[in-house]
Structure formats: structure tokens, C-alpha cells
Amino acid sequence: NRNSDMKCNHVSLVIWLLGGSLAVSIALGEEQADVSELNAKFQRLYATKQFNQAAPIAEKILQITEETHGPDDRKTAIAANNLAEVYRYMGQYAKAEPLYERALKVFEKELGPDHPDVASVVNNIALLDSETGAYDKAETLYQRALNITT
């Protein structure tokens, strides 16, 4: 089944992307410890689907990462994507979409259109579109993500 294959790919990509966000290290001592602690807590809450509790932590991670690395940094894009994922799971699609688009723009600029991080965000946007009924757009995005990863 194509949908279940895409869901499996999505789960793998999200886990892989989350792993990247957890590896974020900030060169500032206290903030580095704060982000590491926040990431560990975020990971636990996300893994146990406690999205209402994970959201404010993901927001704080994005804020700190943006302040320390800037809005167009890859680490900030990872944090934006992770927050968008939480919002999508919570059904807050209007909050998720601009964060996904922001992450996609950074990844495409820094990594090129055929990088796995780009595929992951494209796939996440496709999931959002599927959940909001934009099936034609979702299908196009799923195909794009699949073409990148194969």
C-alpha cells in the first residue's frame, strides 16, 4: 500500500530529523545546557505523544536557537520543523504550515533541492496537506519527497 509506505518513510524521516535536532549544540555554556535539557525533555514528550506539553518546549528551543544561530541557520530550521510537527499532531495546521515553509526554505538554500532534510520537510508538508484535505497538493509533494529519497 502506497500510503502505508509513505507513512513508514515519514516516520523514519521524522525520527532521523529529530535526531538531528537533538544533536544541536550551542557554543554558549549555559544556553547549551538549557538546550540540551530542553531537547531531552522534548524528545521524551514527543515520543510519548504528549504534544500539549512538548509544544512550549519546542517553542523555547526554536527561540533560543534562533537567537544564538540566527533565523536562517540550519539548526533553527530543524527546530522550526520540529515545532511544526508538534503543531500538526495537535491539529494546529495554521501554526504548522509557516514553520514548515520556513524550514524548507533554509534547507533548500543551504543543502540544495535533493537533500534528505528537504525530502523530510516536503513529506511533512504533504502530511499536513493530506490532513487538511488538499489531496492534490499532497500527492505532488509526496512524489517530490519520494523522488528525492530514491
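Rings of Phe, Tyr and Trp (its six-membered ring) pair if their centres lie within 6.5 Å, with planes under 30 degrees apart counted as stacked, over 60 as edge-to-face and the rest as tilted. Ring pairs link Phe42, Tyr46, Phe51 and Tyr89 into a cluster, and this briefing will visit that cluster along with some other spots. The model is predicted, so local features need pLDDT of at least 70 and side-chain atom pairs count only at pLDDT 80 or more, while totals for chains, interfaces and linings use all residues. Residues are numbered from 1 along each chain as its sequence is written, and side-chain values use heavy atoms, with hydrogens and water left out.

**The chain as a whole**

- The chain has 7 helices and 0 strands; helices (H or I, at least four residues) and strands (E, at least two) are DSSP runs, numbered from the N terminus.
- Read from the N terminus, the elements run α-α-α-α-α-α-α.
- Of the 150 residues in the chain, 43% are buried; buried means under 20% relative accessible area, exposed over 50%, and partly exposed in between (1.4 Å probe, protein chains only).
- Take the contacts (heavy atoms within 4.5 Å) between residues at least 6 apart in sequence: 60% of them join residues at least 24 apart.

**The aromatic cluster**

- A search of the whole structure finds 4 aromatic pairs. One of them is Tyr46 with Phe51, an edge-to-face pair at 5.7 Å centre to centre with 75 degrees between the planes.
- Tyr46 counts as buried because its relative accessibility is 11%, and Phe51 is buried as well, at 11%.
- Phe51 also pairs with Tyr89: the ring centres are 4.8 Å apart and the planes are at 5 degrees, so this pair is stacked.
- Phe51 belongs to helix H3 (residues 51-69) and Tyr89 to helix H4 (residues 74-89), so their pair ties together parts that are 38 residues apart in sequence.
- Tyr89 is partly exposed, with a relative accessible area of 38%.

**Helix H5 and what follows**

- Helix H5 (residues 93-111) has 19 residues and reaches 26 Å from its first C-alpha to its last, close to the 27 Å expected. The expected span is 1.5 Å times one less than the number of residues.
- The buried residues of H5 are Ala96, Leu99, Tyr100, Ala103, Leu104, Val106 and Phe107.
- An α-helix has 3.6 residues a turn, so residues three or four places apart point the same way.
- After H5 comes Gly112, with a positive phi near 90 degrees.

**A loop residue to look at**

- Lys49 is found in the loop between helix H2 (29-47) and H3, and it counts as exposed because its relative accessibility is 61%.
- Although Lys49 is not a glycine, its phi is positive, about 60 degrees.
- Most residues other than glycine have a negative phi.

**Ile148 in helix H7**

- Ile148 lies in helix H7 (residues 135-149) and counts as buried, at 13% relative accessibility.
- Leaving aside neighbours within four places in sequence, Ile148 is in contact with Pro113, Asp114, His115, Pro116, Val118 and Ala119.
- Ile148 and Ser120 are 28 residues apart in sequence, and their C-alpha atoms are 9.4 Å apart in space.
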